[in-house]
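Hi everyone, thanks for coming. Let me put the structure up on the screen, and then we can walk through it together.

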Amino acid sequence: MPEGRKELAYVSLIQAASVIAFLVIWQEIVNRGIVPSLFVASPTQVALHFGPTLLEPFVFERVLYTLSVFAAAFAFTVFAGTVIGLLLGTFIYLRSALEPYMIVLYSIPKAIFIPVFWTFFGLGFSYQFWFASFAGVIPMTLNVMYAVKDVDPELITLSRSLGASPLQVYYKVIIPSIIPAMLTGARISIRAVFADVIAAQEFVGTTGIGYLAQYYATNFEPVPLYVVVVLTALLGMVVYEAIIQAEKRLTRWNVQLS
Amino acid sequence: MGSNSTAVIVVRGVSKFFEYKGKRLEVLRDINLEVERGNFVTIVGPSGTGKSTFLSIVAGLLRPSSGKVFVDGVPVEGPRPDRIAMVFQDHALLPWRTVIKNVEFGLEVRGVPKEERRSRAQKYIDLVGLSGFEDYYPSQISGGMKHRVAIARALVLEPEVLLMDEPFVSLDEQTRYLLGSDLVKIWRRTGKTILFVTHSIREACTLATHVVIFTKRPASVKEVVKVDADYPRDPEDTLMASIRRYVWNKLKEEIPQQEIGGGPE
Amino acid sequence: MNLKAFGFQALVLGLLLTVWQLLPMEGIVSPQILSPLYTTLINFPKIFARNGLIPGGLIPQLLTTLEELGVAFVMSIAVSIVLGFLFGYFKVLGRSYEPLIYLVYAVPGSIYYPVLFLTLGLGVQSKIAMGFLFGVFPPLINILSGFRKINGIYISMARSMGSSNVQLFTKVVVPSLAPYIMAGIRLALIFTYIGVILGEVIASKGGLGWAISIANYNFNAPLMYDYIIVVVLLAVAFLVAITAVERRVFSYA
């Protein structure tokens, strides 16, 4: 077998074996009572109850609700992050003034603001939307801001020398140049936005996946809890994979990927 | 099969091909070459001919697909830095080590004790004209100086043969010229045998005792031109110019018509 | 430019502080939502009070958070470095597990917490586990990308000098990875902190995040903002410390 194919076989084998081992160990932990069944659910239980749990309106509605908040917050994040990033990137004084604050904001645990957002917005859509957007906008803005800063000045000089107006320079040079950074920013923010919608729901309220998880955990119902967790994990993976594909497709011209 | 020759480097029937996605790329075909002790041999050829590949094979970093290389009568099976040292295109200085620690690298690998390492490294740093810069980091010295460090690093193991793969290609013309003449001085002082790959016909003819012209891919030795001129050389005199023109004409035969632009410089 | 930039930054700070004071003071925003700057600051000494809203005051909560952070941080670093080197050195393992790592990284971290507090309770263990889950992936991914970026020319050079595989590893691979390991340490610190605080805010028995949520539930806005300030100051302290260490270690760059 040629070297490449042989390695591919090994890789697939290791991956499959690892996943199976993980599931088996998980199952055994529950079967043998290493952790009491009050606190955990096994893979078989999750598999059996997956469909039924999700079909309950109690669950189903909250899943859809969460997805709608997430979609809205993510869209807003991309839009606002790009706009603010463009502004900060273009106006150098603005950027140098705000840069350290943005970096600090990026590095601090945003969870400390969850109670503030709740106090301001009360329960419901706005609270979750604005908190998740707040968290997502920061990495998005930083990525776009740095990308604008790094646009090759020669390209701009060149376009100006060909008679382009400032607005045209924006449309034809700057915005296409920052698309890779926009996608990177989107990739980083999408995790944060999804996670923070759920976090806000876990903190307070009766809506969403976060509430479901928190409810099942506090009521010692591990099976539906694990079903919800597995579902969320799958959703997260799908969403992330989608962004990665978009990134690949839209940046084919950009030879050097970070 | 031993080498029945007094030459330091003996290349017999070396061929090399690479396999890529089921296709075979033949880079070198039946190279035969002998380099006598103490000669300065430059290699020129069309772009991408595999001159670097050839050098890597002589250095023992790559295995030939067929044929053999002998250095000092011993077949080359792997790197032997105390016999054959290589200077790379982009100097490959480790950025986290100072100049002197970079030069000491080969000695360190061989387990030479600290005191001896330092004094030997110092000797060669002085030889290449970098006294005083021992504790500088690569990021703090110029491009030309980095190349000098790379040369010192290669020389410190006192190899018989020095292989150089387009070592000055990233430098400006002035620095290149200075480094070239310094290299010649070092060569004449130490009596090493040098195999030097370059793109520049001017450089090849000005520095070398012999110029090896490679054919286009798959490469073999087209011709070996002896440069019978005394050192130090004046690149502008008629003999040098005629040698350059000769080499250029030979090289032109290997380059497809549409690529020919300039001249022999 | 540096002085100018500093000036602008100070200006922005002044603006923010002014807004922080005026907005609630003028009634534009309720003081419950945004506790005025002055009120928040003079309330500060009160956070040390042992028998106020927060049992034991600031110190025990700070210690709890630091304890959780410390353990989770060390675990994250240890695991990410070990796995990073394992997967980087043994290419087959790397190729097998890297896609799996990215998949798990895609899961929104906040969903783990209910599972954790169900199994581990509301004490420090669940926060340590949360901090670990948040903190282990970024450095691991970083180290793996560092392996990919090792300059092949250094390896060729070292091999041409007759280096053994072990020497290649210690003299070229490890120093090449040093910046990535350092960056990984910084990432681990930041993300572990994020995970720990998130857990504390959502459901806990102690810690700085818990104090914030308790103050919030009890409509004590000044106290809540005081604790928010503490969390932010701690984060800034970490950033400053890590940056100083990075600068000293990488003076050659």
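Before we count anything, one definition: helices here are DSSP runs of H or I with at least four residues, strands are runs of E with at least two, and both are numbered from the N terminus. Please also keep in mind that this is a predicted model.

With that in hand, let's start with chain A. How many helices and strands does chain A have? The count is 10 helices and 0 strands.

Now for its overall dimensions. Along the principal axes, the C-alpha atoms of chain A fill a box of roughly 75 × 65 × 30 Å. The radius of gyration of chain A is 23 Å, whereas a compact globule of 258 residues would be near 18 Å. Of those 258 residues, 38% are buried. And if you take the contacts in chain A with a separation of 6 or more, 73% join residues 24 or more positions apart.

Next, chain C with chain B. Here 13 residues come from chain C and 17 residues from chain B. On the chain C side, α7 (152-160) and α8 (165-202) are the elements giving two or more residues, and α7(C) has the largest share, with 6 residues. By class, that side of chain C has 7 nonpolar, 5 polar and 1 charged residues. Chains A and B, on the other hand, do not touch, and their nearest C-alpha atoms are 10 Å apart.

Last stop: a sheet in chain B. This open sheet has 6 strands in the order β6-β7-β8-β3-β9-β10, with mixed pairing. Which strands sit at the edges? They are β6 (84-87) and β10 (221-226) of chain B, each pairing on one side only. On average, neighbouring strands are turned by 20° against each other, ignoring direction.

β6(B) runs parallel to β7 (residues 161-165) of chain B, joined by 4 bridges. There, B:Val87 stands opposite B:Met164 of β7(B). Helix α5 (residues 143-155) of chain B packs on the sheet and touches β6 and β7, and its direction makes about 170° with that of β6(B).

Methods:
Residues are numbered from 1 along each chain as its sequence is written. Chains are lettered from A and ligands numbered from 1 in the order in which they are written. This is a predicted model: local features need pLDDT of at least 70, side-chain atom pairs count only at pLDDT 80 or more; totals for chains, interfaces and linings use all residues. Two residues are in contact if their C-beta atoms, placed from the backbone, lie within 7 Å. Ala, Val, Leu, Ile, Met, Phe, Trp, Tyr, Cys and Pro count as nonpolar, Asp, Glu, Lys and Arg as charged, and the others, Gly among them, as polar. Two strands pair if DSSP finds at least two bridges between them. Axes are lines fitted to C-alpha atoms, for helices over the stretch in contact, and angles run from 0 to 180 degrees between N-to-C directions. The radius of gyration is taken over C-alpha atoms; the globule rule is 2.2 Å times the number of residues to the power 0.38. A residue is buried if 20 or more other C-beta atoms lie within 10 Å of its own, exposed if 12 or fewer, and partly exposed in between; C-beta atoms are placed from the backbone.
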